[in-house]
Amino acid sequence: MADILDDLAWRGLITQSTDLDDLRAMLASGPVTLYCGFDPTAPSLHVGSLVQLLTLRRFQHAGHRTIGLVGGATGLIGDPSGKSAERTLNSEEVVAGWVERIRAQVSRFLDLTGDRGLIVSNLDWTGPMSAIEFLRDIGKHFPVNRMLARETVKSRLDTTGLSYTEFSYVLLQSMDFLELFRRYDCRLQTGGNDQWGNLTAGVDLIRRVEGGSAHALTTPLVTRADGTKFGKTAGGETYWLDPELTSPYAFYQFWLNADDRDVSTYLRYFSFRSREEIEELEKATSERPAARAAQRALAEELTTLVHGAEETQRVIAASRALFGQGDLGELDERTLGSALAEVPSTTVSGPLPPVVDLLTATGLVGSKSEARRTVAQGGAYVNNVKVTDEAAVPDQGDLLQGRFLVLRRGKRNIGGVTVASD
């Protein structure tokens, strides 16, 4: 059971820990209960949340008991960590709805059978508590000078300011650890490295109130080699775990398009493959980067984990078919529509215009004259069929699922056309 720390260390998943030697001894003595919290600040978790979800899963695979905490209470307050300004508070009704959605997402990653794991909401113990009880039982254990010295607090006080609401967040998270210690003998809390202050405050609260011993362990914050934010599109949109917010096709493409400089790190953070398998994939990336073997393996594994094997096979089929390696006609409407939403596209109504106009409208070429040259040079395709006539016009029979066309310029440049419904 203590081998989990060696595995996490090899993967680069340990940034800070209260006492690794003592934690190792505790893990070796038998199953340990640990938890991680997920605040409902949106209707879904995102790809960055996978680091914590999969860390819990790794501990569970090692024989330990995991608790996924959904912040029904802390989600109403707002965590100042990593925030440059006060967040807009959502209504209780909105947060309650998000709690249930995130509870369902967390449940998919943990084994909840028997005594192996459970999901809790901190509103269950925070909601019934009066303000006086909170201040007397919890607040008296937090020296204000120590709270003011916290880096997240200092940075906000020096810039945009900080309300008492967000200032009190650390008390609530610490109380969560104390409550789980009391109820379930929870001895370890994990979180991102920006949560270190909150985690250690909980460890200290358990020591002060119960005289108990507990541990904190943080994982690194994921970054991209090119400096862009992990889990964001070029336009700043987030890659969510909810298929209604980010399609399985877009999710798959996110991992498939990982930079060669990042994919080794991502394999270690997110994959459940063995060390030997990961090192083989790293070697393949170094020797044959164009094959993108590591990216393909990672994309398939994580899309299967999040969206299921059947959906993943549909996504892979769509990805291949778009580039002429499969039958576009076999793709269902939802999968094809999701795939075309990720490429340069245009919507048309009425009679279909000539192919050269469509190539221009999608942005695959810069002008009609360039479109005509592309056709003349044999580089234009509609639904993977080469276009040889500069005056060619698609007909209604060419429409996939009655409303889509897939355009391609050369081998790699894809565009989509959607025919608007009347």
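## The largest cavity

In this predicted model, the largest cavity holds about 40 Å³ of space. The structure has one cavity of 30 Å³ or more.

The lining of the largest cavity is made by Asp-79, Pro-80, Arg-150, Val-153, Glu-166, Phe-167, Tyr-169, Val-170 and Asn-198. Sorted by class, these lining residues are five nonpolar, one polar and three charged. Two helices, H9 (164–167) and H10, each contribute at least two residues to the lining of the largest cavity.

## The largest pocket

The volume of the largest pocket is about 1,400 Å³. It is lined by 49 residues, and those closest to its centre are His-46, Gly-48, Ser-49, Lys-83 and Asp-194.

By class, the lining of the largest pocket consists of 17 nonpolar, 23 polar and nine charged residues.

## Nonpolar cores

In soluble globular proteins, nonpolar side chains tend to be buried together. Here the largest nonpolar core contains 69 residues. Within this core, Val-47, Leu-50, Leu-241, Trp-255 and Phe-270 have the most contacts. Another core, of 31 residues, lies apart from the largest one, and its members include Leu-171, Leu-199, Ile-206 and Ala-214.

Val-47 can be followed in detail. Leaving aside residues up to four places away in sequence, Val-47 touches Phe-230, Gly-231, Tyr-239, Leu-241, Phe-251, Phe-254, Trp-255 and Phe-270. Among these partners, Leu-241, Trp-255 and Phe-270 are also listed with Val-47 as having the most contacts inside the largest core.

## Ser-338 in helix H17

Ser-338 belongs to helix H17, which spans residues 333–340. Ser-338 counts as buried because its relative accessibility is 15%, and buried means under 20%.

A polar atom of the Ser-338 side chain lies 2.9 Å from the backbone oxygen of Arg-334. When residues up to four places away in sequence are not counted, Ser-338 touches Ser-247 and Tyr-249.

Key
Residues numbered from 1 in each chain as written. Predicted model: local features only at pLDDT ≥ 70, side-chain atom pairs only at ≥ 80, totals over all residues. Heavy atoms only, no water. 1 Å grid on protein atoms, 1.4 Å probe; cavity = no way out; pocket = protein on both sides within 12 Å on 5 of 7 lines; lining within 4 Å. Points joined across faces, edges and corners; volume = space filled by probe spheres on them. Nonpolar A, V, L, I, M, F, W, Y, C, P; charged D, E, K, R; others polar. Helix = DSSP H or I, 4+ residues; strand = E, 2+ residues; numbered from the N terminus. Buried < 20%, exposed > 50% of the residue type's maximum accessible area, 1.4 Å probe, protein only. Polar contact = N/O pair within 3.5 Å; in protein donor to acceptor, adjacent residues only side chain to side chain. Contact = heavy atoms within 4.5 Å. Core = buried A, V, L, I, M, F, W, Y, C linked by side-chain atoms within 4.5 Å.
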